[in-house]
Amino acid sequence: TQVPVDVQINYVSGGGAVNLPVRVSALVRAKGLSFADFSEFSFSPPQAGQQARSDDSEEENTASADARVIADKMPLPLDKNGGGKLTIADVPKSRQPQDLLLEATYSDPNGEVQTIRSTQTLWPASVIAGIKTEGWVSSGQKIKFRALALDLSGKPQAGVALEVKATARITTTTRKRM
């Protein structure tokens, strides 16, 4: 629910930016997961009520709708070494990994506004669950699947108990000739 943030700003000529006023902003957004060694596995559960999408622009709009600003221009004065610390509160809980985008904005000695940016991943757990289905489209029989548990670096984990829940969706379409 809270994330500590450290900011360090030094001048090019050397030394810390003493007492420089900095503004820190933060945004969280959903993070899509994929691992090269396990490209056939899915690591994201379907969203509630999600339909299959054929248009990439709809997917991009959904991704941007998932973004949420959690800190907006919080003041952060730097100490005598050019460093500053603050804690961002009210980080939304999620069952999926999230990207945390941090931006620190300050005025340089010329008066120009500069921005530094960092992206970190917020993990809800130390295990990532994945699933791979085989031949599930229009299946009138039992469905075969494989489940997988990975650590945060994408390495398989042994001895991790996983629970799999399945949902059947039936889509009926009609066509009317005009």
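Ala, Val, Leu, Ile, Met, Phe, Trp, Tyr, Cys and Pro count as nonpolar here, Asp, Glu, Lys and Arg count as charged, and the others, Gly among them, count as polar. With that sorted, the lining of the second largest pocket splits into ten nonpolar, two polar and three charged residues. Keep in mind that you're looking at a predicted model. The protein chain has 178 residues, and buried ones make up 25% of them.

**The overall layout**

- The protein chain's secondary structure comes to one helix and eight strands.
- Take the contacts in the protein chain between residues at least 6 apart in sequence: 65% of them join residues at least 24 apart.

**The second largest pocket**

- This pocket holds about 190 Å³ of space.
- Its lining has 15 residues, and V5, D6, V7, L102 and S118 are the closest to the pocket's centre.
- Three strands each give at least two residues to that lining: β1 (3-8), β5 (98-107) and β6 (113-122).

**The nonpolar cores**

- In soluble globular proteins, nonpolar side chains tend to be buried together.
- The largest nonpolar core here has 22 residues, and the members that touch the most others are I9, V22, I88 and L100.
- At least two residues of this core come from each of β1, β2 (21-30), β3 (68-77), β4 (83-88) and β5.
- Zoom in on I88 and skip its neighbours within four places in sequence: I88 is in contact with T1, Q2, V3, V5, A26, I70, A71, M74 and L102.
- There's also a second, separate core of eight residues, and F38, F41, I128 and L148 are among them.

**Aromatic pairs**

- Searching the whole structure turns up two aromatic pairs.
- One of them is F35 with F43, an edge-to-face pair at 5.0 Å centre to centre with 80 degrees between the planes.
- F35 and F43 are both buried.
- F38 and F41 also pair up: their ring centres are 6.1 Å apart and their planes sit at 80 degrees. Planes over 60 degrees apart count as edge-to-face, so that's the label this pair gets.
- F38 is buried, and F41 is too.

**A look at S107**

- You'll find S107 in strand β5.
- S107 has 39% relative accessibility. Partly exposed covers the range between buried, under 20%, and exposed, over 50%, so S107 counts as partly exposed.
- S107 and V22 are 85 residues apart in sequence, yet C-alpha to C-alpha they are 8.0 Å apart in space.
- Leaving out residues up to four places away in sequence, S107 touches L20, E112 and V113.

- Most residues other than glycine have a negative phi.
- K73 isn't a glycine, but its phi is positive, at about 55 degrees.
- K73 belongs to strand β3, and its 53% relative accessibility is why it counts as exposed.
- D90 is another residue other than glycine with a positive phi, this one near 60 degrees.
- D90 sits in the loop between β4 and β5, and at 62% relative accessibility D90 counts as exposed.

Methods
Residues are numbered from 1 along each chain as its sequence is written. This is a predicted model: local features need pLDDT of at least 70, side-chain atom pairs count only at pLDDT 80 or more; totals for chains, interfaces and linings use all residues. Side-chain values use heavy atoms; hydrogens and water are left out. On a 1 Å grid over the protein atoms alone, a cavity is a set of points where a 1.4 Å probe fits but cannot get out, and a pocket is an open set with protein on both sides within 12 Å along at least five of seven lines; lining residues have an atom within 4 Å of a point. Grid points are joined across faces, edges and corners, and a volume is the space filled by probe spheres set on the points. Helices (H or I, at least four residues) and strands (E, at least two) are DSSP runs, numbered from the N terminus. A nonpolar core is a set of buried Ala, Val, Leu, Ile, Met, Phe, Trp, Tyr and Cys residues joined through side-chain atoms within 4.5 Å. Buried means under 20% relative accessible area, exposed over 50%, partly exposed in between (1.4 Å probe, protein chains only). Contact means heavy atoms within 4.5 Å. Rings of Phe, Tyr and Trp (its six-membered ring) pair if their centres lie within 6.5 Å; planes under 30 degrees apart count as stacked, over 60 as edge-to-face and the rest as tilted.
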